[in-house]
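Dear colleague,

I am passing on a structure that you have not worked with before, and I would be grateful if you could look through it. My notes on what was found follow below.

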Amino acid sequence: MVSRRSFLSASMLTLLSAGGVKGLAEALDLRVEEVPVPVPRLCSELEGFRIVALSDFHFLPYTQIDFLKKAIQRASSLKPDLVVLLGDFVDATVESIHELAPVLATINARHGVMAVLGNHDHIQGSQVVVEALSRHGIEVLVNRGILLPCGLGGLYIAGTDSLSGRFQLREALLGSRPGGTTVLLAHEPDVADYVAADGRVNLQLSGHSHGGQVRCGGVERLLLPRGGRKYAFGSYKVGDLFVHTSRGLGTTGLPLRLGSPPEVTQLILTNAVDASRAG
Ligand SMILES: [Fe+2]
């Protein structure tokens, strides 16, 4: 019987020979996705608030610093109110964070840069990643949040640890206030069912799945990782919860993408009533 690993290797070899050149080019074909996010009872100061999300850097061996610098420059050029980083900073070795963190610190955003950890950061050494990012002024939200003042309840940006660490939604949401707007950063998108059931989060931002990374011949179904299979890419409504899963920037396992180009996400908060009138 052919094992899953053997099947994947054979599929990958076929894809590499058939689409390798195309896939190598697509891995550098950065796209900006603009996503309007309708939020009920959004305070007027937050109308048009711009959050730019970057995810899944997987810096080295395949994803190079020049490509990530280009993505970071693109993010800053969007004049974001806030930039969020959704985890998987490193891939093969944790040491690469020492080169990546100062580059991430060059991002310009009115309310700064906030981050959560991914499963690869835990595999390689989460403490080293947290310390390097924090040293460069990036707020790492591990089961905690930060309240930005606005109206009665404010804008609460919460972050959970990865499912590979100590995922604690309740701890992360302790500062969420009734009447405010709550955004949750969570590396693995499939926690959305649990988050929606809690009922306090308006917007969940995730990455992890790379949209399958290679979407060709159905092989993506086999490549989607645990925690990133149900809400694999793009936007979803899960009850009252709005979820967006980024395809991310880097690659893992192979240096290519097919049918799933790298993504810089620009999310724009809009009052839900105004959004429905516009539609
Ligand atoms: Fe991941």
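Two strands are taken as paired if DSSP finds at least two bridges between them. On that basis, this predicted model contains an open sheet of six strands in the order E6-E7-E8-E9-E11-E10, and the pairing within this sheet is mixed. Strand E6 (144–148) and strand E10 (234–238) stand at the edges with a single partner strand each, so one side of each has no neighbour in the sheet. On average, and with direction ignored, neighbouring strands of this sheet are turned by 20° against each other. Within the sheet, strand E7 (residues 155–159) pairs with strand E8 (residues 181–185) in the parallel sense over five bridges, and Leu155 has Thr181 as its bridge partner in E8.

Another place to look at is Ala109, which lies in the loop between helix H3 (97–104) and strand E4 (113–115). Apart from neighbours within four places in sequence, Ala109 is in contact with Pro80, Asp81, Leu82 and Val83, whereas its C-alpha atom is separated by 22 Å from that of Phe59, 50 residues apart along the chain.

As to confidence, the protein chain averages a pLDDT of 91, and 91% of the residues score at least 70. The pLDDT is below 50 over residues 1–7, a stretch with one contact beyond near neighbours in sequence, and also below 50 over residues 274–279, where there are three such contacts. Where pLDDT is low, the predicted coordinates should not be read in detail.

How values were computed
Residues numbered from 1 in each chain as written. Predicted model: local features only at pLDDT ≥ 70, side-chain atom pairs only at ≥ 80, totals over all residues. Helix = DSSP H or I, 4+ residues; strand = E, 2+ residues; numbered from the N terminus. Axes fitted to C-alpha atoms, helices over the stretch in contact; angles between N-to-C directions. pLDDT = per-residue confidence, 0-100. Contact = placed C-beta atoms within 7 Å.
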